[in-house]
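Biologist: Can you walk me through this one? I have the sequence and the coordinates open.

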Amino acid sequence: MIQHAHAQSGSVPYRITLTNEQGHTWHADEPATDGGADTAPTPLQLMLSALGACTAITLQMYAGRKQWPLTFIDVDLKLNPEGKPTDGNQITRSITLHGDLDAEQRQRLLQIANACPVHRLMEGKVEVPTTLA
């Protein structure tokens, strides 16, 4: 399945309306200190939230198939929390698993988290061919 999103600016500086073919609408903005209105997450926060959502969903799916007692998940993500590295960037991800899981189940869920589709996309080679219309 092809994933698709559309971004469109409007009359409010830096506030972007995002849509997809399923009819969902969400927004991005910049903080007031950067000239935005701080009405929505920043683009980098949206990227982090995509990783967090994918991580939690992937873990829920796996634990559900295994019928493991995973009751809920907290995923905390930070971009370059120690400052920008000299090479690349770093996203720290802290996952808290809630439920009566044993050590082996918890370790397997960590492996599964590292295989979520957004994680694999971020760690793989990504090209962005761009055209002007």
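Modeller: A definition to start with: a residue is called buried under 20% relative accessible area, exposed over 50%, and partly exposed in between. Tyr14, at 48% relative accessibility, therefore counts as partly exposed. Keep in mind that this is a predicted model.

Biologist: Where does Tyr14 lie?

Modeller: Tyr14 is in the loop between β1 (6-9) and β2 (16-19). Its phi is positive, about 70 degrees, although Tyr14 is not a glycine.

Biologist: And Asp38, what is its phi?

Modeller: Asp38 has a positive phi of about 55 degrees, and it is not a glycine either. Asp38 sits in the loop between β3 (25-28) and α1 (43-66).

Biologist: Is Asp38 buried, partly exposed or exposed, and why?

Modeller: Exposed, because its relative accessibility is 53% and the class begins over 50%.

Biologist: Let's step back. How many helices and strands does the protein chain have?

Modeller: Three helices and five strands. Along the sequence the pattern reads β-β-β-α-β-β-α-α.

Biologist: What about the radius of gyration?

Modeller: The protein chain has 18 Å, whereas a compact globule of 133 residues would have a value near 14 Å. The C-alpha trace spans about 50 × 40 × 30 Å along its principal axes.

Biologist: What share of the residues is buried?

Modeller: Buried residues are 23% of the 133 in the protein chain. The accessible surface is about 9700 Å², with 53% of it belonging to carbon and sulfur atoms.

Biologist: Contacts next. What share join residues at least 24 apart?

Modeller: 37%, counted among contacts between residues at least 6 apart in sequence.

Biologist: Give me an example from β4. Which residues does Leu70 contact, leaving aside neighbours within four places in sequence?

Modeller: Leu70, which is found in strand β4, is in contact with Leu59, Gln60, Ala63, Leu97, His98, Leu101 and Leu109 on that basis. Leu97 is 27 residues from Leu70 along the chain, and their C-alpha atoms are separated by 6.9 Å.

Biologist: Is Leu70 buried or exposed?

Modeller: Buried, because its relative accessibility is 15%, and the limit for that class is under 20%.

Biologist: And Val75, which strand is that in?

Modeller: Val75 lies in strand β4, residues 70-79. At 24% relative accessibility, Val75 counts as partly exposed. Leaving aside neighbours within four places in sequence, Val75 is in contact with Gly52, Thr55, Ala56, Arg93, Ser94 and Ile95.

Biologist: How many salt bridges does that give you?

Modeller: The count comes to one salt bridge. Glu127 forms it with Lys125, and the closest N and O atoms are 3.2 Å apart. The pair qualifies because the cut-off is a side-chain nitrogen of Lys or Arg within 4 Å of a carboxyl oxygen of Asp or Glu. In general, side chains of opposite charge can pair when their charged atoms come close.

Biologist: Are Glu127 and Lys125 buried or exposed?

Modeller: Glu127 is exposed, with a relative accessible area of 56%. Lys125 also counts as exposed, at 74% relative accessibility.

Note on methods
Residues are numbered from 1 along each chain as its sequence is written. This is a predicted model: local features need pLDDT of at least 70, side-chain atom pairs count only at pLDDT 80 or more; totals for chains, interfaces and linings use all residues. Side-chain values use heavy atoms; hydrogens and water are left out. Helices (H or I, at least four residues) and strands (E, at least two) are DSSP runs, numbered from the N terminus. The radius of gyration is taken over C-alpha atoms; the globule rule is 2.2 Å times the number of residues to the power 0.38. Buried means under 20% relative accessible area, exposed over 50%, partly exposed in between (1.4 Å probe, protein chains only). Contact means heavy atoms within 4.5 Å. Accessible areas come from the Shrake-Rupley method with a 1.4 Å probe; for residues, only the protein chains shown count as cover.
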